[in-house]
Amino acid sequence: MEGYRDLERRIKFRKVKSAFVLFLSFLTAVYGIFWLFWIIIDVFSKGFQNISIDLILQDPAPPGVEGGGLKHAFVGHLIITSLATLIGIPIGIAAGIFFTEYGRFSKFVDFLRTMTDSLVSLPSIIVGTAVYAIMVKPVGHFFGLSGSVALALLMLPVIAITTAQILKLVPDSLREAAYALGAFKWQVIKDISLAAAKRGILTGVILGIARITGETAPLLFTSFNNNFTTYNIFDPMASLTVTIFVYAMGPYEDWHRKAWAASLILTIGTLIFFIMAKYLLGKKK
Amino acid sequence: MDGINKHTYRRRDKIIDKVVFIALASVALFLGLLYPLIIGGSLLKEAWIAIEKFGVIGFIGSAVWDPVREIFGGLPAIVGTLLTTVIASLIAIPVCIGVAIFITELSPKPLKPVFITAVELLGAIPSIIYGMWGFFVVSPVMADYVEPFLQELLLDIPIIGKLVDGIPTGIDLLTSSLVLSIMIIPFMATIVKDAFEMTPQLLKEAGYGMGATKWEVIKDVVIPYAFPGIVGGIILSVGRALGETMAVAFLTGNVHKIPTSLLDQLTTITVSIANEFTEADTDVYLSSLYYLALILFVISFLLLIFSKFFIFKRLEKRWKVTGI
């Protein structure tokens with residue numbers, strides 16, 4: 001009888017202990033959600049307070065003067081990221097195709113793929129400094145195109161790795177059927193693998209774009225900044241992120257308000273890309 | 001189609017086959033091999049002046065950062081980078097494991113995707129936003145409430161009191177690490193959660209079948225099984241924290257001094273580069289910043305390669321063996 005009661009007490013203790021730890025885990029989840037809500041609410045409330053149509057359409061006012069907008073940053077950001085995407089997509093997808101279609105059983109290609117996988121998390125500021133050394137220094141001044149190259153370098157591994165992973169999911173029987181009809185490898189890749197993996201590759205591209213739209217560090221030393229709207233990719237070019245950095249660090253209240261408004265637009269932009277990618281992935285399953 | 005024509009078609013296709021192969025192979029070779037070599041090589045080349053002038057030990061071991069006398073030592077920035085990363089990870093690791101347990105074991109099924117999306121959304125916010133928000137919102141709260149409170153609580157205790165010594169400004173090691181930890185939580189939590197989910201249901205049920213409580217199953221079945229994945233996720237997140245620039249750019253104060261208290265200003269490798277790169281007016285100055293970049297590159301790349309080659313490769317094999 002005594003032993004039975006002892007056992008009962010021990011089981012109770014274990015149950016209480018389990019409930020306690022699970023409660024702790026619940027608290028950590030609350031902690032995580034708490035930060036999410038805090039940052040989202042701040043960005044949205046402070047952003048919406050200061051947002052106006054002038055922000056997108058007006059050129060900036062001189063420092064310290066109220067009014068004006070951030071047209072130069074929006075235009076620059078759009079040009080820099082679009083160019084980066086144009087450079088990044090073909091190269092990234094090509095490498096991804098090679099990793100899966102040609103090198104699945106080669107140790108060396110596997111090594112290349114793993115290196116690329118590691119490059120996904122390469123600190124972005126490092127890419128910025130390297131591009132400065134390779135492109136900006138020889139030219140002698142900052143220019144927009146070098147910013148695009150830096151961003152393209154950051155997005156390449158993301159696109160390559162997702163493409164490679166998606167292509168792995170294409171069943172081999174499809175490829176074998178095409179080979180049996182006498183198709184060449186390039187035809188199999190073009191008409192079978194890529195056709196079957198279209199949606200997945202698109203997801204990779206969107207993830208790549210989402211990765212670079214919010215980047216600041218690599219642009220600091222490449223496209224740099226410009227107080228005027230420019231469409232010339234060989235001039236220094238403002239971007240939304242660098243402008244937020246400069247404006248938030250600056251001494252004027254008006255600059256801070258503009259930085260919040262720009263942050264809101266940037267956040268919404270990246271979240272849209274992110275949700276698009278998530279939606280495409282969800283459909284896939 | 002007559003015979004000759006067919007022959008030329010086959011020849012054309014064969015040539016295309018070769019061209020495609022060479023094009024794709026060279027792109028892959030560029031990405032997997034030349035890209036890291038070019039990055040590392042250009043950093044090494046630019047850092048060479050500083051490497052020759054200060055040497056390796058002379059740079060890593062020196063705490064002097066004096067642009068006027070052109071003497072540069074990387075110790076404060078390196079220590080700052082390591083300290084913020086370690087403290088941020090110490091905050092983030094238990095939270096991530098808790099969040100992973102919550103999502104995989106506790107949350108009601110219909111709410112699961114909501115929580116996963118919420119965590120992932122937090123990870124999709126650009127780091128500059130974290131930085132600015134940390135500067136305008138978190139930093140004042142830290143300076144006005146949290147840090148004075150910590151001082152009141154801990155200052156009188158010997159040794160620990162030293163950690164909160166100083167004037168609470170909100171621009172310090174504590175705030176930097178906190179914001180950095182918020183930034184890496186989603187990233188780390190997602191990987192840890194994925195590792196948790198890899199545990200075969202069968203093993204868990206065996207645990208429950210023996211009368212184990214939920215926590216006992218998590219502690220003795222899920223965590224041991226997911227352990228390599230957890231470690232891999234932590235290493236990847238540490239790599240991310242090491243190289244993070246914008247989230248801490250506003251919050252460190254960029255002071256080249258080794259912090260002795262949580263309330264001291266500091267600098268990190270990335271913050272020094274971001275703040276001083278365009279102002280560096282001498283070759284040695286710029287070269288020293290490149291030296292810092294090179295050190296960061298070596299540390300983070302080694303870390304990433306280690307986690308990829310040793311942990312995730314092994315995991316892939318194991319998950320294949322267990323049939324998942």
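In helix 4 of chain B, four residues are buried: B:F115, B:V119, B:L122 and B:A124. The model shown here is predicted. Helix 4 of chain B covers residues 112-124, which is 13 residues. From its first C-alpha to its last, helix 4 of chain B reaches 18 Å, close to the 18 Å expected at 1.5 Å a residue.

Leaving aside neighbours within four places in sequence, B:T190 is in contact with B:V119, B:E120 and B:G123. B:T190 is found in helix 7 of chain B. Is B:T190 buried or exposed? B:T190 has 21 other C-beta atoms within 10 Å, so B:T190 is buried; the cut-off is 20 or more.

**Helix pairs**

Two packed helices are described by the angle between their axes and the distance between the axes. The table gives both values for two pairs.

| Helix pair | Angle | Axis distance |
|---|---|---|
| Helix 3 (residues 75-106) and helix 7 (residues 173-197) of chain B | roughly 40 degrees | within 6 Å |
| Helix 5 (residues 124-139) and helix 6 (residues 144-168) of chain A | about 135 degrees | 9 Å |

Take the chain B pair to begin with. Helix 3 of chain B passes helix 7 of chain B in a right-handed crossing. The residues of this contact divide into 20 nonpolar, five polar and two charged.

Now the chain A pair. Helix 5 of chain A and helix 6 of chain A pack at about 135 degrees. That angle makes helix 5 of chain A oblique to helix 6 of chain A. Helix 5 of chain A passes helix 6 of chain A in a right-handed crossing. Which residues meet here? From helix 5 of chain A come A:S124, A:V127, A:G128, A:V131, A:M135 and A:V136. From helix 6 of chain A come A:S146, A:V149, A:A150, A:L153 and A:L154. By class, this contact has eight nonpolar, three polar and no charged residues.

**Between the chains**

How many residues of chain A are in contact with chain B? There are 68, and they touch 72 residues of chain B. Helix 1 (residues 2-50) of chain A gives the largest share of the chain A side, 19 residues. By class, the side of chain A that touches chain B has 46 nonpolar, 15 polar and seven charged residues.

Key: Residues numbered from 1 in each chain as written. Chains lettered and ligands numbered in written order. Predicted model: local features only at pLDDT ≥ 70, side-chain atom pairs only at ≥ 80, totals over all residues. Axes fitted to C-alpha atoms, helices over the stretch in contact; angles between N-to-C directions. Helix = DSSP H or I, 4+ residues; strand = E, 2+ residues; numbered from the N terminus. Left-handed = near helix turned anticlockwise from the far one by under 90°. Nonpolar A, V, L, I, M, F, W, Y, C, P; charged D, E, K, R; others polar. Parallel < 35°, antiparallel > 145°, perpendicular 65-115°, else oblique. Contact = placed C-beta atoms within 7 Å. Expected span 1.5 Å × (residues − 1). Buried ≥ 20, exposed ≤ 12 C-beta atoms within 10 Å, placed from the backbone.
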